[in-house]
Amino acid sequence: MNISVIGTGYVGLVTGSCFAESGNDVCCVDNNAAKIDILRKGIPTFYEPGLPEIIERNLREERLTFTTDLDAAVKKSLVIFIAVGTPSASNGAADLSAVFDVAAAIGRAMDRYKVIVVKSTVPVGTSEKVRQILKKETKQPFDLLSNPEFLKQGAAVEDFMKPDRVVVGADDVRAAEILRDLYAPFVRTGSPVMIVDIRTAELLKYAANAFLAARISFMNEIANLCEEVGANVDLVRKGLAADSRIGPAFLFSGIGYGGSCFPKDVRALIETGREHDYEMSILKAVDTVNTNQPARFVEKIRSHFNNDLSGKRFAVWGLSFKPRTNVMRDAPSIKIIESLLSGGASIAAYDPEAMDEAKKIFGSRIELSISNYGCLEGADALLLVTEWQAFRNPNFERMKAAMKSALIFDGRNIYDPTHLKPAGFTYYGVGLDSDSAG
Ligand SMILES: NC(=O)c1ccc[n+]([C@@H]2O[C@H](COP(=O)([O-])OP(=O)(O)OC[C@H]3O[C@@H](n4cnc5c(N)ncnc54)[C@H](O)[C@@H]3O)[C@@H](O)[C@H]2O)c1
């Protein structure tokens, strides 16, 4: 099948590459010419395990092409995916200008029947607006579908290739069959292709992200209470996870969620509620708990140093918003580092993949070390911010020898205080009883 994917960001590039991998001819379009130049050389513009090999193979076998020419891409394609960004506008609502611009450009380029698929995460009713824009720009026949994407950064290729479910929003089920065929190679083990009405598909995506964000904020709230009452959130988590009605996923407490989806999608859903005079009270609390969580972590650090951070040097392990990605959008690391810097501290940081992103954000305001041990030299404390696998079993003796004081603030509860205390470390986790601090 001839396919175009408009927008070669995270979702568009993974979608286009994976559809090429299953034998389709895919043209990926972006209006960022520099990005297209890099992609044409087979180099992904972000870190994602498994993606470079797929891009390289499909470029070489000429199933995958990259262009800035939307008009030509639309003309040669039957199915066109819109996968441009929908960032937060200043009021928290989704900024849909890129989606609408692309819809108009597709309409102007259409020369015959097309299937247009909205893959970007968009508020309920957006696809209907896209339909109106298309109708204004073209007299050609088309079907419009909604096909929200559920992949997660860090496991995007795997998620796309083996989805838990594929959701297709369609007003005409015959058009939806085209997407069923396209996704057939990825759902051979029985994952459902759910065909629902368009508004339901649009809402389902937000509900999924909001629910996962709610689990995180819920556990962070319980962790905060654990600190107040002297309980241990890790044991609470295990007790909850063992309950088959609850299950183990997304129950880890820490310094809050970040990234390019949860924060903006929670806020956009709150805004959708407001537009319909319905207050999303649970989600407002989810957002508030998450906004406060990095500040609570900094408060713990401040209080250890009697509210005086001036001249203190902190080593930070992990900058990306989660492991296996270089994405730093809305990462808790940013708030934490900014707040420590404004208190007069200095920072030396290391992340396995996000160093270039960190350079863009902090410039020369923090030191970027070449290894995780490198940033420990003379540090007053280590802050574990992102739980990369490589940080889980470090050489604590080596760490202690490099650091000015053996002090760890563990924002993800990856270390075991019962091992660290005898090794001479003072340890603070999140939601652990006060005995944890040595
Ligand atoms: N990132 C994720 O993990 C994820 C997961 C599921 C869903 N989504 C949703 O998918 C959508 C895309 O997200 P993303 O993370 O890939 O965004 P992104 O910001 O990484 O990429 C968007 C791309 O669209 C391009 N673009 C913008 N305007 C354009 C135009 N007029 N013509 C051509 N290209 C244009 C940009 O240059 C950029 O490369 C969003 O709605 C997001 O919420 C993201």
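Predicted model: local features only at pLDDT ≥ 70, side-chain atom pairs only at ≥ 80, totals over all residues.
The expected span of a helix is 1.5 Å times one less than its number of residues.

**The ligand**

Select the ligand and the residues around it. There are 26 of them, and those that come nearest are Val-11, Asp-30, Lys-35, Thr-86 and Lys-264.

Next, show the side chain of Asp-30: one of its N or O atoms is 2.6 Å from an oxygen atom of the ligand. Move to Lys-35, where a polar side-chain atom also lies 2.6 Å from a ligand oxygen. Then pick Lys-264, which has a side-chain N or O atom 2.6 Å from an oxygen atom of the ligand.

To see which elements give two or more residues to the shell, colour α1 (10-21) and α5 (97-109). Colouring the shell by residue class gives 9 nonpolar, 11 polar and 6 charged residues.

**Helix α9**

Now select residues 198-229, which form helix α9.

Go to the N-terminal end of α9 and show Asp-197, which caps it. A side-chain oxygen of Asp-197 lies 3.3 Å from the backbone nitrogen of Arg-199.

Finish just after α9, at Gly-230. The phi angle of Gly-230 is positive, at about 80 degrees.

Key
Residues numbered from 1 in each chain as written. Heavy atoms only, no water. Near = heavy atom within 4 Å. Polar contact = N/O pair within 3.5 Å; in protein donor to acceptor, adjacent residues only side chain to side chain. Helix = DSSP H or I, 4+ residues; strand = E, 2+ residues; numbered from the N terminus. Nonpolar A, V, L, I, M, F, W, Y, C, P; charged D, E, K, R; others polar.
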